[in-house]
Amino acid sequence: MALRFYNTLSRKKETFRPLKKGIVKMYNCGPTVYDFAHIGNFRAYVFADLLRRYLEYKGFRVKQVMNITDVGHMSIDDDADSRGEDKIEASARKQHKTPLEISHFYTKAFIEDAKSMNLMKPMKMPKATKHIKEMTALVQKLIKKGHAYVVNGSVYYDVGSFKKYGRLSGNSIEQLRAGARLEVNPEKKNPLDFALWISNPKHVMQWDSPWGRGYPGWHIECSAMSMKYLGDTIDIHTGGEDNIFPHHECEIAQSEGATGKPFVRYWLHIRHLMVNGQKMSKSKGNFYTLRDLLAKGYNPKAIRYLLLSAHYRTRLNFTEDGVKKAEGLIRRFGEFMENMRTGKDNAKSLRAIKKVNKEFEAAMDDDLNMPRALASIFEFMRNLNKSGGGPKAYQTMIAFDSVLGLGLSDIEAWKVAKDAEPEIRKLIKKREELRKTNKWSEADKIRAALTKKGIVIEDTEKGPRWRKVKK
Ligand code: AMP
Ligand code: ZN
C-alpha cells in the first residue's frame, strides 16, 4: 500500500510522493527558547521525529530542519499580527539576564531534553537571530512584488494582495476580519495585515535594515530559514494545530508571495496534548516540563511512548497515571525482548513475523496510524510469549524500534540467574536451595539482601528471574 498523509491544506488523505524521488525535505516549527519546553511541545517534536523515522524506514532520505526561535515571538500570538512583549525579552527581564543568555540557556536545555526523548538530530537547527540578512532580503522581495509596504520604519504584509490568504485555515479574509480581536494600528492599510519587520525603540534586540533599526516578525523567520536550507518548495511542514493560523497561514503568504511557487506540498499538524480538557500551555499554567517528570523518577521511554501512542490527529489527555501505565508497557516490551533473545524461532513465530510486519506497515502507511500499529505489535507479543519465538522475532522488534525510538534493546528486563554477576548468582542459587528444603525465613533474608542491592526476584515455573530496579 502507498504511504498516505492527511494534508491540512486539502483536508484529505493524499498519497505521499516527494518532489524529488527518494528525498524528503521537511521543516518542523521548533521551540521558542524562553523557558523549558513542556511535554505538549514535545508531543509536536516526538511526532516530527516519528515521521522522519518512518520515512527512513520506508527508504527515503530525509532532510530535516527544525528552527530555534530566539527573537520576535510575542506573548500574544493568536492573531496574525502578534502583540505584547517578545517572549525572550520578557523572560530576560524576569530573570535579570540578557536575551542572549536566556536563549542560549534554553536552547541547551532543549537539546538535552531532545536527547532524553531520543529525538534524532535534524540536519540543521537554524537560529532566527543568525538569519536576519535572509529575512530582510525576503521582505525586500515582498515589497518589490507589491505584497508589503513600509510605514515609519516598519514593514507590513498586505494581506489583500494575496488571494490565497486563509486557505490553509479554511477562513476567508472577511471571516478573519470578523473574528479577530484587532488592535487599532493606524499604520496598517487593513487591520489583518501583519508585521514583517518592526521598528520599536523599546525592543532590546535590534538590527540594521534598509528601513532603519528593528527586529523581524515571528512568521518571516520560518519562511526565510525553510527556503534557505530546503529551497523554495518543500515536501512536508509540521507544527501543532495552533500553528495553522496565524503562523503557517502567514508563512504561505510570505513564501509564495515572494517566489510565486508552492511553498509546502504536505502540511501535517499535531493535535494538542490536553490537561483536563484544556490545551497544555505555559500561559494556562497547566503544564509539565519533561524535567518535572524525570525528576519525579518517571522513565523517559514511557513518556516518549505515551506521546506517540495516540494518533497524532486526536487530542491526547495527559495524566501521570497514563505515564505509569506506559511504564508497565515498557517493562512488557523488555520482558518480551528478553524472552525472544533467549528463545528459539519456530514455524508459528515465523508466520507471526510475516503477519506483524505487514500489519505494522499498513497501519503506518495509513497516515501514521500508531494505535493500530501498536495493537498489532502487542498481539504479536502476546502470541509469541505463549507459543515461543527467538532471534528472528527479536530482530523484527528492533526494526520496529527504528521507528518507535524506544530503545527496546536496552530495557532492564527480567534475567535468569546465569546472567548475573557471580556474587548475585551465588545468592540466587543459595536462596533456591533453601526454598527447596523449606527454609523459608532464611530464603527471605537473602531476598531482602538482594533488594538492598537493587535486585528484585520473581519466582516462575521455570525458576527464579531477576531484574535491577532503581534503589
Ligand atoms: P512554541 O515554543 O510556543 O513556539 O511551540 C512549539 C511547538 O509546540 C509548536 O509547534 C506548537 O504548535 C506546539 N505545541 C504547543 N503546545 C502544544 C500542546 N499542548 N500540544 C501539542 N503541541 C503543542
Ligand atoms: Zn515556524
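In the predicted model, one open sheet has three strands in the order E14-E13-E15, with mixed pairing. Strands (E, at least two residues) and helices (H or I, at least four residues) are DSSP runs numbered from the N terminus, and two strands pair if DSSP finds at least two bridges between them. Strand E14 (278-279) and strand E15 (316-317) stand at the edges with a single partner strand each, so one side of each has no neighbour in the sheet. Strand E13 (residues 273-275) runs parallel to E15, and two bridges join them. Leucine 273 is placed opposite leucine 316 in E15.

Leucine 273 also takes part in the surroundings of ligand 1. A backbone N or O atom of leucine 273 is 2.8 Å from a nitrogen atom of the ligand; a polar contact is a pair of N or O atoms within 3.5 Å, and within protein one must be able to donate a hydrogen and the other to accept it, while residues adjacent in sequence count only if both atoms are side-chain atoms. A polar backbone atom of glycine 40 lies 3.1 Å from a nitrogen atom of ligand 1. For asparagine 41, a polar side-chain atom is 3.1 Å from an oxygen atom of ligand 1. Taken alone, ligand 1 exposes 500 Å², of which the protein buries 93%. Accessible areas come from the Shrake-Rupley method with a 1.4 Å probe, and for residues only the protein chains shown count as cover.

The shell around ligand 1 has 17 residues, of which Gly240, Asp242, Asn243, Leu273 and Met280 come nearest; a residue is near a molecule or strand if one of its heavy atoms lies within 4 Å of it. By class, the shell divides into four nonpolar, 10 polar and three charged residues. Here Ala, Val, Leu, Ile, Met, Phe, Trp, Tyr, Cys and Pro count as nonpolar, Asp, Glu, Lys and Arg as charged, and the others, Gly among them, as polar. Helix H1 gives the most to this shell, with three residues.

A second open sheet of three strands has the order E16-E18-E17, with antiparallel pairing. Its edges are strand E16 (415-416) and strand E17 (455-460), each with a single partner strand, so one side of each is left without a neighbour in the sheet. E17 and strand E18 (residues 463-468) run antiparallel and are joined by six bridges. Within this pair, tryptophan 466 in E18 is the bridge partner of isoleucine 457.

Strand E5 (residues 74-76) and strand E6 (residues 83-86) are also antiparallel, with two bridges. The two strands E5 and E6 form a hairpin, and six residues lie between them. Isoleucine 76 stands opposite arginine 83 in E6.

Most residues other than glycine have a negative phi, and most peptide bonds are trans. Asparagine 152 has a positive phi, near 50 degrees, and lies in the loop between strand E7 (148-151) and strand E8 (154-157). A cis peptide bond, with omega about 5 degrees, joins phenylalanine 245 and proline 246. Proline 246 belongs to helix H7 (residues 244-259).

Residues are numbered from 1 along each chain as its sequence is written, and chains are lettered from A and ligands numbered from 1 in the order in which they are written. In this predicted model, local features need pLDDT of at least 70, side-chain atom pairs count only at pLDDT 80 or more, and totals for chains, interfaces and linings use all residues, while side-chain values use heavy atoms, with hydrogens and water left out.
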